[in-house]
Amino acid sequence: MKFKLFLILFVLYSQSIFSEEKKIDPNSIHKNLRCLVCQGQTISDSNSDFAQTIKLVVKDLIDEGKTEEEIYSFMSDKYGEWIVFKPELNMHNSLLWILPYIVLIFGGFFIFSLIKKRH
Amino acid sequence: MLSNLGNSILFLCVILSLSIIYFANQNLKTPEGKISKIIYQFSLIQSCLILVCFFTLIAAFIVSDFSLINVYQNSHTSKPILYKISGTWGNHEGSLLLWAIILTIFSFLFLVYNNNHPKKFRLLTLIVQNILILGFLFFILFNSNPFSSIVPVPNEGLGLNPILQDPALAIHPPLLYIGFVGSSIYFSAAIASLISNYSSNSFSLSIKNWVLVSWCFQSLGILVGSIWAYYELGWGGFWFWDPVENASLLPWFAMTALFHSLIVFERRNIFYFWVIILCLMTFILSVMGTFLVRSGILNSVHTFASDPSRGLYILSFLSLMIFVSIFLLFKKYKRENYNINQNSKETFILINNWFMMFYLATVLLGTIYPIFTDAITNNQISVGPPFYNTIIIPIAVIFLLFMAVGPRVKWIKNKFEDLKIYTFILIGSLLINFLITYFLESYSILSNLIIISALFLISSSLIDGIKEFKKKRLDYARIISHASFGFLVLFIGLNDVFSIEKDYNIKLGETKKFENYSIKFQTLNLKEFSNYKAVVGELEILNTDTNKKNILSPEIRIYDNPQTLTYEASIKSSFLRDYYLTMSNIDRSDYYNIKFQKKPLMIWIWISVVMIVIGGFLRIFTNAKSN
């Protein structure tokens, strides 16, 4: 009985997760873009002319039906990789994305080896 | 006058450090079991002198003695007295003096409070610590001297950056410094322990409270910094994974790993070398953080003092520390015999360390990676919040689950109990999460997982607490810290999911509506204050469901000295949510850009961190009682 109830809740729940179609929120994109003329601010925080322009460009790109990833690569092609806060996964950034997981896996193996050595 | 006084005291401190090293060295050779009185006396005098030196600088700031370059550059006669004082450590030179103070006072206190440890170990710790003190004193005297004078004496100072004129930022540096400079003492102790072969588990007793003290202050320092960033920087967030923020977080991870593995070391006498590595690593990371921040090698919101020559000095110092540490480790390393069972407390504490090292590696890599790509491929990249969130959050889910289960597991034993109770807790957490997401509507799978695992940690910590209470063996410190950590993650998760953010260009008298809110731009006033002018807007936020009104008044401030424009957020806090509003002018138009944010449960994020720290202080207290 309990299990059935749980199952029903779970189905409802997963529906609520997957059914909704996602719209792109321009502000979440602004937050991942650096304002190039400011000191360490995002496009979202800044009111500089540059930020205003970028906001318009982002709006246009969303209207054209571009995805979030496409917008980021458009920006980094045009202004350089410095503008995006999420580094692209490419050749020279591969270490950045992969090393943390290597540390994680290596650590796991290390602990495992310590434990297995018991008498 | 004050310039000469300050310089002479600094010079005296150098002589005292040298003589302490000399006497300690002499004392090492004598067969006598006690440390000679003169060393205690010199250490005490040294601590007092460095304080006098600091008070001299504070005095110079209070009376606005502009014959000191430092005062001239960072103060102004019209500044409120509190910010004149806090200006003392709000700059590079003054903050280094604060470094030296903490190094010195910790050195003295460590000497006094560790009577029942071997003489050789204590003397060596003192020597190493005094070498560190000398390193910083030389740096202060020859590179970053706060007492350098200027001729002719200017009539007026340049003023302190207005965003630094803030109560939270006045106490932020001292808190943070007690944290990461405090870690110097167990760096010295670790080196001394390696040299003197003091590797029994009683070594852990000599450092564990120092680790906890530095950890507590580090946490508080980070908290105060985040609160400041939240209300002062005007973007409504409190953590941006900025290099300077990361620099404070790196030693924190190492400290957290350290005081957990110290528990195992003390109890089972294993992991000695791992404990030593963590001791060394914590202070090395602290100095590295300082190097990254002060050398200007990284681009950050907070860069306030950068100069290549400083960087070079700190870098040499840092390399020397790393070299000595690694050399000693290799020389003294012996294989240890581990005897660890799969489901024992030891294993779970190792797992804690494993995750801490993963976080540390991720944050360290993200912080310094841009330097390498810039140097090697000439390609500037930004590593920001999306990177850290993508890598850290999914792993944090697993971490929280381990954190919930770990403390209940017994020492040495190889048996897993209470599987049933965990199943119930897990189902309970799923249900609560389901209710939250069903009624409040949120869709991201990852945030659901985070909320579930946080709930899991909270409930299992609390149930654990109740059980222990019944057995009259309640470990307050751990229960409070662990449950509060769960709450912290829960509140951050909920806050992130249910925040509302709206951005409008609005004219005086206009009203904007969205969801169940309406914002009305009521008035705009110009106000004059002693050291700035402000344009103060008044906006009414109306919740159309409950008909509750809130007036928020964001400001645009124009400071005179130095001439700066700042935007002050207006925040209305309550137990359930914060309203956050910033306003800025748009050039050549009557419109103002306003950004409205509703941030649920904001206060609870701060309270959770305070509770975590209270847990830490409780642990220090119980340790002191049992000794």
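In the predicted model, the crossing of helices H7(B) and H9(B) is left-handed. Helix H7 spans residues 167–182 of chain B and helix H9 spans residues 202–232 of chain B; their axes come within 7 Å and cross at roughly 150°. This angle makes H7(B) roughly antiparallel to H9(B), because angles over 145 degrees are assigned to that class. On the side of H7(B), the contact is made by B:Ala168, B:Leu169, B:Ile171, B:His172, B:Leu175, B:Leu176, B:Ile178, B:Gly179, B:Phe180 and B:Gly182. The residues contributed by H9(B) include B:Trp210, B:Phe217, B:Val224, B:Ile227 and B:Trp228, together with B:Ser214, B:Gln218, B:Gly221 and B:Gly225. By class, the residues of this contact divide into 14 nonpolar, seven polar and no charged.

Helix H7(B) itself comprises 16 residues and reaches 23 Å from its first C-alpha to its last, close to the 22 Å expected at 1.5 Å a residue. Its buried residues are B:Leu169, B:Ala170, B:His172, B:Pro173, B:Leu176, B:Tyr177, B:Ile178, B:Gly179, B:Phe180, B:Val181 and B:Gly182. The packing partners of these buried residues within chain B are helix H4 (81–86), helix H5 (92–113), helix H8 (184–195), H9, helix H10 (243–268) and helix H11 (272–294).

The residues of the contact between H1(B) and H2(B) comprise 21 nonpolar, seven polar and no charged.

Just after H16(B), B:Lys472 adopts a positive phi of about 60°. Helix H17 of chain B covers residues 476–498 and contains B:Tyr476. B:Tyr476 counts as partly exposed because it has 16 C-beta neighbours inside 10 Å, whereas a buried residue would require 20 or more. The C-alpha atoms of B:Tyr476 and B:Leu10 are separated by 44 Å, the two residues being 466 apart along the chain.

Chain A contains five helices and zero strands, and its elements run α-α-α-α-α from the N terminus on. Of its 119 residues, 25% count as buried. Among contacts in chain A between residues at least 6 apart in sequence, 34% join residues at least 24 apart.

The two chains meet through 45 residues of chain B, which are in contact with 35 residues of chain A. Helix H13 (345–376), helix H14 (385–405), helix H15 (419–440) and strand E1 (500–506) of chain B each supply at least two residues of the side that touches chain A. H13(B) gives the most to this side, with 11 residues. By class, the side of chain B that touches chain A has 25 nonpolar, 17 polar and three charged residues.

Note on methods
Residues numbered from 1 in each chain as written. Chains lettered and ligands numbered in written order. Predicted model: local features only at pLDDT ≥ 70, side-chain atom pairs only at ≥ 80, totals over all residues. Axes fitted to C-alpha atoms, helices over the stretch in contact; angles between N-to-C directions. Helix = DSSP H or I, 4+ residues; strand = E, 2+ residues; numbered from the N terminus. Parallel < 35°, antiparallel > 145°, perpendicular 65-115°, else oblique. Left-handed = near helix turned anticlockwise from the far one by under 90°. Contact = placed C-beta atoms within 7 Å. Nonpolar A, V, L, I, M, F, W, Y, C, P; charged D, E, K, R; others polar. Expected span 1.5 Å × (residues − 1). Buried ≥ 20, exposed ≤ 12 C-beta atoms within 10 Å, placed from the backbone.
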